[in-house]
Amino acid sequence: MMIRRPMRRARFVLVAAAAAMSAIVAARVEAETAAMPSIDLPNPYATGVKFGQLPEGRGWGGVIAVTPDRDGKSIWAFERCGGNCLNSDLPPVLHFDPSGKLIASFGAGMFVFPHGITVDKDGDVYVADANGKNGKGDVVVKFSPDGKVLMVLGKAGMPGDAPGYFDRPSAVAVAPDGTIFVADGHGGDSDARVVKISPDGKLIKSWGKKGSAPGELNEPHGIALDSAGRVFVADRVNSRIQIFDQDGTFLAEWKQFGKPSAVFIDKNDLIYVADAQTEDKEGCTPDPGCRRGIRIGSAKDGTVKYFTRVPTRATTSRAVRVSPPTRRAMSSAPRTLARVCGSTPSNSLTQERRSSSGRDLHALENNSHRDCVACAARIGSALGRGRRNAPFQLRLRPATHYGLRHRRRHLRQ
């Protein structure tokens, strides 16, 4: 007996050590799995034809945001004036009918860095301008459908975090009762918060600060509301969707949708999340070797059901429309998900110095390849209700000499 006890003790220690090692390995695998959003999901969409006609002589810039009209058929787009709105006289707010015909445009000379767009239940259009310069920008503007300015939130060209100010507002969402939610901040030393505003433009409250803890934000790049009124924020640098109630109480965080650049939720609580920046272990190789694309799932329980890849680099020189899925594949999904590309990487990334704060800001930024997938998620349930095969296209101008050099450099990174 005196001989067996040490043997039993040794055996117990070995078993315990093996169990601990298994637990460590399992935890590591689970952490890696959680950190890498899945791409092993069905894609119910197929590439299709083009959509969207601009006036003769006008080229597409970065189409950073699109959203369906309240009619469920026509599309609003917020476009960067062919490349740079700062000194442009082109209107960046564009409205297309279901066939792609341009039926309205406005906002010329008003914006610096178009970034977010939404439409409320009355059909009014809200846009967020995520930079400020020359007395413009750092505002959210409410338009009537015919382009009349109904309200301006923020102080044009004056960034800040005091009541009544924004600092690089990226996105806006409007509740059915007219309450406005602004995702305020675009990285760097700009704000990192959600601002809640009454329908008549008065500040109700704000929440969030820069950080990575629950309830903290780092580059709140998109915002949406589900049918229960919960606020979904695309917390991009932190690679998560954060969910709050309308008083700012933290409810949950979801990392299974990747590194979100945009989020859209339709009336059936189907959530579309555009992941334009996730990298795998080797760094992001040219698509489709990476995990970038649009993940589609349930806003109720966070289940990810579908994944639409970013097309290869070769396809970014033209726009792509995604055809309706079969009813069997996606019975509750919108019939058409539009893949909208603003332009090839031909437009330069220009840094401007903001004299008031001395910080660098990308006032003329046009991260076309990254942004084109972001705006695609905003299509939601818009297209195909009236016409099963309603196309969506953005025609793109050819790459410039700079663009070719930029593309080669981008592929090497």
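**View 1. Cys81 in the loop between β2 and β3.** Cys81 lies in the loop that runs between β2 (75-79) and β3 (93-96), where strands, like helices, are DSSP runs numbered from the N terminus (E, at least two residues, for strands; H or I, at least four residues, for helices). Although Cys81 is not a glycine, its phi is positive, at about 55 degrees. Most residues other than glycine have a negative phi. The model is predicted, so that local features need pLDDT of at least 70 and side-chain atom pairs count only at pLDDT 80 or more, while totals for chains, interfaces and linings use all residues. Residues are numbered from 1 along each chain as its sequence is written, and side-chain values use heavy atoms, with hydrogens and water left out.

**View 2. The disulfide of Cys81 and Cys85.** The structure holds one disulfide, a term that stands for a pair of cysteine sulfur atoms within 2.5 Å. This disulfide is formed by Cys81 and Cys85, whose sulfur atoms are 2.0 Å apart. Because the torsion about the S-S bond of Cys81 and Cys85 is about 95 degrees, the disulfide is right-handed. Cys81 counts as buried, with a relative accessibility of 6%, and Cys85 is likewise buried, at a relative accessible area of 2% (buried means under 20% relative accessible area, exposed over 50%, and partly exposed in between, with a 1.4 Å probe and protein chains only).

**View 3. Ser239 in the loop between β14 and β15.** Ser239 is found in the loop between β14 (231-235) and β15 (240-244). Ser239 is not a glycine, yet it has a positive phi of about 55 degrees. With a relative accessible area of 26%, Ser239 is partly exposed.

**View 4. The open sheet of β17, β18, β19 and β20.** Four strands make up an open sheet with antiparallel pairing, in the order β17-β18-β19-β20, where two strands pair if DSSP finds at least two bridges between them. At the edges stand β17 (260-265) and β20 (304-309), each with a single partner strand, so one side of each is left without a neighbour in the sheet. From one strand to the next, the twist averages 20 degrees, with axes taken as lines fitted to C-alpha atoms (for helices over the stretch in contact) and angles running from 0 to 180 degrees between N-to-C directions.

**View 5. The pairing of β17 with β18.** Strands β17 and β18 (residues 270-275) run antiparallel and are joined by five bridges. Val263 has Val273 in β18 as its bridge partner.
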